[in-house]
Amino acid sequence: LGRPYTVRGEVVRGDQRGRELGYPTANVPTDGMQAAPADGVYAGWLRRLDTGETFPAAISVGTNPTFDGVRARRVESYVLDRTDLDLYGVEVEVSFVDRLRGMTAFASVEALVEQMERDVARARELLVP
Ligand code: FMN
């Protein structure tokens with residue numbers, strides 16, 4: 001595979017929890033038509049197909065096992081430092097550059113947020129020179 005794996009789709013509303021956690025994410029559902037990489041956390045890029053802009057991102061693939069409820073698997077991208085972006089309804093392409101870790105069911109929301117902070121720092125090191 002000579003270039004990063006990508007997933008395309010329209011950004012849908014998630015559980016609206018990300019903003020409360022301090023890390024709002026652009027959620028793209030995975031359907032039967034395209035395979036997402038294994039559940040876990042990645043550093044990569046989110047590209048808006050409407051404007052062509054590309055942003056560095058920390059990306060989660062999975063069902064958010066820290067929280068209750070049966071949930072669809074999806075690709076969630078936190079665009080670094082851009083809590084102001086509104087991407088609902090926008091077609092995006094997410095590229096996976098580096099795998100950071102596996103998906104974890106944390107015992108508390110605080111533990112999840114601390115780990116997300118480390119993930120974002122690592123993604124920044126890898127993506128932003
Ligand atoms: N959810 C988990 O349950 N376990 C994880 O290990 C985990 N890691 C994440 C790492 C990053 C960098 C990001 C952006 C999200 C991660 N998530 C993880 C997903 C969050 O639980 C999710 O973004 C949050 O619940 C908001 O969901 P919502 O967009 O549906 O509101």
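Visitor: What is a pocket here, and which pocket is the space taken by the ligand?

Guide: On a 1 Å grid over the protein atoms alone, a pocket is an open set of points with protein on both sides within 12 Å along at least five of seven lines. This is a predicted model. In this model, the space taken by the ligand is the largest pocket.

Visitor: Which residues come nearest to the ligand?

Guide: A residue counts as near if one of its heavy atoms lies within 4 Å. There are 25 residues around the ligand. Those that come nearest are D15, R17, R74, E76 and T104.

Visitor: Which helices and strands each supply at least two residues of the shell?

Guide: Two of them are the strands β4 (54-62) and β5 (74-79). The others are the helices α1 (18-21) and α2 (109-127).

Visitor: How much of the area that the ligand exposes when taken alone does the protein bury?

Guide: A polar contact needs two N or O atoms within 3.5 Å. An oxygen atom of the ligand is 3.0 Å from a polar backbone atom of Q16, while a ligand nitrogen atom is 2.9 Å from an N or O atom in the side chain of R101. A nitrogen atom of the ligand is also 2.7 Å from a polar backbone atom of T104. Taken alone, the ligand exposes 630 Å², and the share of this that the protein buries is 99%.

Visitor: Which residue in β6 is the bridge partner of R8?

Guide: Strand β1 (residues 5-10) pairs with strand β6 (residues 91-101) in the antiparallel sense over six bridges. Strand β3 (residues 40-48) also pairs with β6 in the antiparallel sense, over eight bridges. R47 has E93 as its bridge partner in β6. The bridge partner of R8 in β6 is likewise E93.

Conventions. Residues numbered from 1 in each chain as written. Predicted model: local features only at pLDDT ≥ 70, side-chain atom pairs only at ≥ 80, totals over all residues. Heavy atoms only, no water. Polar contact = N/O pair within 3.5 Å; in protein donor to acceptor, adjacent residues only side chain to side chain. Areas by Shrake-Rupley, 256 points an atom, 1.4 Å probe, with all protein chains shown as cover. 1 Å grid on protein atoms, 1.4 Å probe; cavity = no way out; pocket = protein on both sides within 12 Å on 5 of 7 lines; lining within 4 Å. Sits in = over half its atoms within 2 Å of the grid points. Helix = DSSP H or I, 4+ residues; strand = E, 2+ residues; numbered from the N terminus. Pairing = 2+ DSSP bridges.
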